[in-house]
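Here are my notes on the model you sent. Please read them with the structure open.

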Amino acid sequence: MKRSTQRLRDGVIAVAVVAVVLGGGVAAWKTVTHLGNPRSGVGTVSSAKASKSSSNTSSPSVDSGSSLSGKKAPNFHLTNQFGQPGSLSEFRHKVVVLSFIDSKGTTVCPLTAVVMQNVRYDLGSAASEVAFVGVNANPVASSVKDVHTWSQQHHVLHMWNYFTGSASQLKSVYQKYFIESKVIHGTDIQHTPAVYVIGPDGHEKWLYLNSTKASTSVIGTETRDLLKQVVPLIPGHPSVNIPPTRKLAYLPGKVGPKESKSRPFHLLAILPGGKNGSISVGGGGGPKLLEFFATWCPDCEEEIPALLKSEKWSKNHKNFPSVVGVDLRLSEPSTKHVVNYVKKFKLSFPVALDNQDKVAEKYGVNGIPTQVLVSSSGHILWYHQGLLKWKSLKTDVDKALQGNQ
């Protein structure tokens, strides 16, 4: 990724970035979505009287951002992912995190979604004072269905307002925010991956460009840098703990039900009620339903009712697998977070602590939540990535079990 910052004649600082959002390729990574492999191209963002940011960015792949002059953010009137009309002005009195997202994007844009999810998680109760807003950066895939589907696929459907409109309406917004969007072929586009932070007064405060790099340091640094800009703007100045960079790991590939290799493991675990213990999988005792998750993952939390029903069902149906949670402990601030999570949601199944990420790597987990049905000997019978409701979960597990009798 190539980035440069230069002063223009009128005192404008332009941030140039080589970043294209195209629909090709898939790279595996351990978080709540997938992204594709970026290809090269050039986009430019500029804003009047911007000045260099004081961000202490630790990764060279992360844009340090620019502190903006504080001019009023241009308003717009568009339609969100639920077909409801809306405007930027309706979020006045809240901090707004405004991003430009390709409704067909599988590269940089999913990274943006993950950063937003982590920011929202870290804000805690203060998240209600922050509005996450997206504008469709793809003028040729601009239907409500397009933005709804993208939001659903990347687990942010109910977390934000993702606005779209006609091509002319969208291009008007691009012009106001210095966004470039160029059609390459079909619905594949090149666009500027900009994120604006707008204060409760409706004035622009900060701007940065999302990186194309899907690495531990980049995701963590972008999350932390965005929090540093958002938190001081929140009305009432609530106390928000900005965590250190999460140690997310990225894997080169995945495994699936066709793999015949046995993958037994034994780990320390948090038992129901928050007690310490251990758990073994693959050493007999019937099939197990593994749930790979992290406490900061919104979709993992949403899946809890289905897992509790599954565990309850297994108590009364001896051939149905019991549930074993596998927490990506390296991505957690502490084990105490996991203990509190078990207690808060009254988990009725053990949660194994994957302290070194070895089990997640052994099972090729490249996204969370991920469900894996394993036999009593540790062989994979069924593999699914993404949020599942109880009905779908039971249907899939029953089918997998019947196919392996």
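Predicted model: local features only at pLDDT ≥ 70, side-chain atom pairs only at ≥ 80, totals over all residues.

The points below take the sheet first, then the helices on it, then the aromatic pairs.

1. Seven strands are listed in an open sheet, in the order β16-β15-β19-β18-β17-β20-β21. The pairing is mixed. Direction ignored, neighbouring strands are turned by 30 degrees against each other on average.

2. **The edges.** Which strands stand at the edges? They are β16 (275-281) and β21. Each has a single partner strand, so one side of each is left without a neighbour in the sheet.

3. β15 and β16 are antiparallel and share 7 bridges. For a place to look, take Ala269: its bridge partner in β16 is Gly277.

4. **Helix α7 on the sheet.** This helix lies across β15, β17, β18 (322-327) and β19 (351-353). Its direction makes an angle of about 60 degrees with β15.

5. **Helix α9 on the sheet.** α9 lies across β17, β20 and β21. It runs at about 155 degrees to β21. The helix covers residues 390-402, 13 residues in total. From first C-alpha to last it reaches 18 Å, close to the 18 Å expected at 1.5 Å a residue.

6. **Aromatic pairs.** The search of the whole structure gives 14 aromatic pairs. One of them is Phe265 with Tyr363, edge-to-face, at 6.2 Å centre to centre and 90 degrees between the planes. Phe265 is in strand β15 (residues 265-271) and Tyr363 in the loop between α8 (358-362) and β20 (370-374), so the pair ties together parts 98 residues apart in sequence. Phe265 is buried at 8% relative accessibility. Tyr363 is buried too, at 0%.

7. **A stacked pair.** The ring centres of Phe293 and Tyr341 are 5.6 Å apart and the planes are at 25 degrees, so this pair is stacked. Phe293 belongs to strand β17 (residues 288-293) and Tyr341 to helix α7 (residues 335-344), so parts 48 residues apart in sequence are tied together. Phe293 is buried at 5% relative accessibility, and Tyr341 is buried at 7%.

8. **A ring cluster.** Ring pairs also link Phe76, Phe91 and Phe163 into a cluster.

Terms used
Residues numbered from 1 in each chain as written. Heavy atoms only, no water. Phe/Tyr/Trp six-rings, centres within 6.5 Å; stacked < 30°, edge-to-face > 60°. Helix = DSSP H or I, 4+ residues; strand = E, 2+ residues; numbered from the N terminus. Buried < 20%, exposed > 50% of the residue type's maximum accessible area, 1.4 Å probe, protein only. Expected span 1.5 Å × (residues − 1). Pairing = 2+ DSSP bridges. Axes fitted to C-alpha atoms, helices over the stretch in contact; angles between N-to-C directions. Contact = heavy atoms within 4.5 Å.
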